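The sequence and model are shown first.

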Amino acid sequence: MHPAIVTRYERNPILTRDDVPYPVATVHNAGVVKHNGRYVMLFRSHRYNGRSIIGLAESDDGFSFKVHPEPFLVPATEGVFAEYEEYGVEDLRICPIDDEYLLTYSVYSRHGVRIALARTRDFQSVERIALITQADYRNVVLFPQHFEGRYARLDRPHSEISPWSIWISYSPDLIHWGDSRVVMKPVQYHWDEMKIGPGATPIRTDWGWLHIYHGVFPTMDGSVYRLGVALHDLKDPSKILGVADDWILQPEDPWEITGYVHNVVFTCGAVPEDDGSVKLYWGGADTVMCVGTARIGELVDLCLNHSRAPF
């Protein structure tokens with residue numbers, strides 16, 4: 001039996017639609033961060049019209065969450081954001097940097113999907129900054145540190161030439177992005193051979209930036225979404241030191257195997273703890289939120305000593 005890298009919380013799922021005090025069909029794909037000693041979760045939900053919004057829940061221990069009475073982020077109703085958020089806002093990531101929290105999320109409209117960036121300091125008000133990609137981009141995560149005065153992000157454009165690979169880009173001001181290059185690709189005949197994409201905000205460790213990503217494998221019964229881990233160089237995040245050859249989490253519990261989208265574990269958030277562990281949050285079958293714990297050192301070891309090449 002494959003050794004358990006991630007220990008599932010025994011009371012999963014930790015959040016379902018029944019915990020939300022306004023009408024939603026799902027609760028999944030949440031960014032999570034610690035703010036003033038409390039865990040803040042920004043989760044995606046489908047409304048009953050099929051379009052997505054972002055809700056907010058808080059917790060003292062990272063396991064038991066209480067949802068706020070109103071959504072945190074809904075599609076804009078005026079300006080350029082209204083045009084591009086028309087069909088919904090999804091899969092938000094949270095990046096703590098410069099005494100604020102930068103939020104990246106997917107926006108859907110008649111023009112396709114692209115990425116928006118916003119900021120908050122208190123999770124009470126939110127300021128939209130810019131639309132930072134063109135169409136056909138998803139899964140943008142920011143590094144919580146500047147590199148030679150620039151912000152850095154991992155993203156996942158859709159391309160038939162280099163299908164569903166992870167790229168890195170840089171920006172001096174959060175608005176203008178460039179100096180882009182591919183850093184990691186799916187590997188044929190591998191658990192993530194169909195597509196990969198950034199997952200949680202990278203975690204700084206003594207060995208490098210730990211990045212938990214998702215990988216997809218096609219089967220005769222549809223695609224399976226699993227989680228893997230890669231390690232980026234501390235000074236040059238475009239350099240990958242290693243990618244764990246094995247997945248670290250796959251759909252196994254009933255609420256991960258069956259739901260809105262079957263056979264999915266999908267992460268947008270992970271919180272490192274002072275004891276060397278990390279709380280990993282994932283959506284199960286695009287329907288519920290789950291959590292588990294892992295040792296950061298073990299994840300790093302997988303990248304360095306049980307690794308495959310990034311291409």
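How many bridges join E16 to E17, and do they run parallel or antiparallel? The two strands run antiparallel and are joined by 11 bridges. Strands (E, at least two residues) and helices (H or I, at least four) are DSSP runs numbered from the N terminus, and two strands pair if DSSP finds at least two bridges between them.

The model is predicted: local features need pLDDT of at least 70, side-chain atom pairs count only at pLDDT 80 or more, and totals for chains, interfaces and linings use all residues. Residues are numbered from 1 along each chain as its sequence is written, and side-chain values use heavy atoms, with hydrogens and water left out.

**Strand E17 and its partners**

E16 and E17 form a hairpin with 2 residues between them. Within this pairing, Phe-217 stands opposite Val-224 in E17. E17 also pairs with strand E18 (residues 240-244), in the antiparallel sense and over 3 bridges. There, Ile-240 in E18 is the bridge partner of His-232. E17 is mostly covered, with 9 of its 11 residues buried; buried means under 20% relative accessible area, exposed over 50%, and partly exposed in between (1.4 Å probe, protein chains only).

**Nonpolar cores**

A nonpolar core is a set of buried Ala, Val, Leu, Ile, Met, Phe, Trp, Tyr and Cys residues joined through side-chain atoms within 4.5 Å. The largest one has 25 residues, and Leu-210, Val-229, Ile-248, Leu-280 and Leu-299 have the most contacts inside it. At least two residues of this core come from each of strands E16 (209-219), E17 (222-232), E19 (265-272), E20 (277-284) and E21 (288-295) and helix H3 (296-305). H3 provides the largest share, 5 residues. Leu-299 touches Ile-5, Leu-210, Val-229, Ile-248, Val-278 and Ala-294, leaving aside residues up to four places away in sequence; contact means heavy atoms within 4.5 Å. A second, separate core has 22 residues, among them Leu-73, Tyr-84, Tyr-105 and Ala-116.

Ala-130 is in strand E9 (residues 127-131). Is this residue buried or exposed? Ala-130 counts as buried because its relative accessibility is 9%. Not counting residues up to four places away in sequence, Ala-130 touches Phe-81, Ile-115, Ala-116, Leu-117 and Ile-175. From Ala-130 to Pro-163 the separation is 33 residues in sequence and 26 Å in space, C-alpha to C-alpha.

Strand E8 (residues 112-120) pairs with E9 in the antiparallel sense over 4 bridges. Ala-118 stands opposite Arg-128 in E9. The hairpin of E8 and E9 has 6 residues between the strands, and in it Phe-123 takes a positive phi near 60°.

**Aromatic pairs and charges over rings**

A search of the whole structure finds 9 aromatic pairs. Rings of Phe, Tyr and Trp (its six-membered ring) pair if their centres lie within 6.5 Å; planes under 30 degrees apart count as stacked, over 60 as edge-to-face and the rest as tilted. Two of these pairs are tabulated.

| Pair | Centre distance | Plane angle | Class |
|---|---|---|---|
| Phe-72 and Phe-123 | 6.4 Å | 45° | tilted |
| Phe-143 and Phe-147 | 5.7 Å | 90° | edge-to-face |

Phe-72 lies in the loop between strand E5 (66-67) and helix H1 (79-84), and Phe-123 in the loop between E8 and E9; the pair links distant parts of the chain, 51 residues apart. Both Phe-72 and Phe-123 are buried, and so are both Phe-143 and Phe-147. Ring pairs link Phe-72, Tyr-101 and Phe-123 into a cluster.

A charge sits over a ring if NZ of Lys or CZ of Arg is within 6 Å of the ring centre and within 35 degrees of the ring normal. Arg-128 lies over the face of Phe-81, at 6.0 Å from the ring centre. Lys-195 lies over the face of Trp-164, at 5.3 Å from the ring centre.

**The four-stranded sheet**

An open sheet of 4 strands has the order E10-E11-E12-E13, with antiparallel pairing. Strand E10 (137-142) and strand E13 (178-184) stand at the edges with a single partner strand each, so one side of each is left without a neighbour in the sheet. E10 and strand E11 (residues 151-157) run antiparallel and are joined by 4 bridges. Leu-142 stands opposite Arg-153 in E11.
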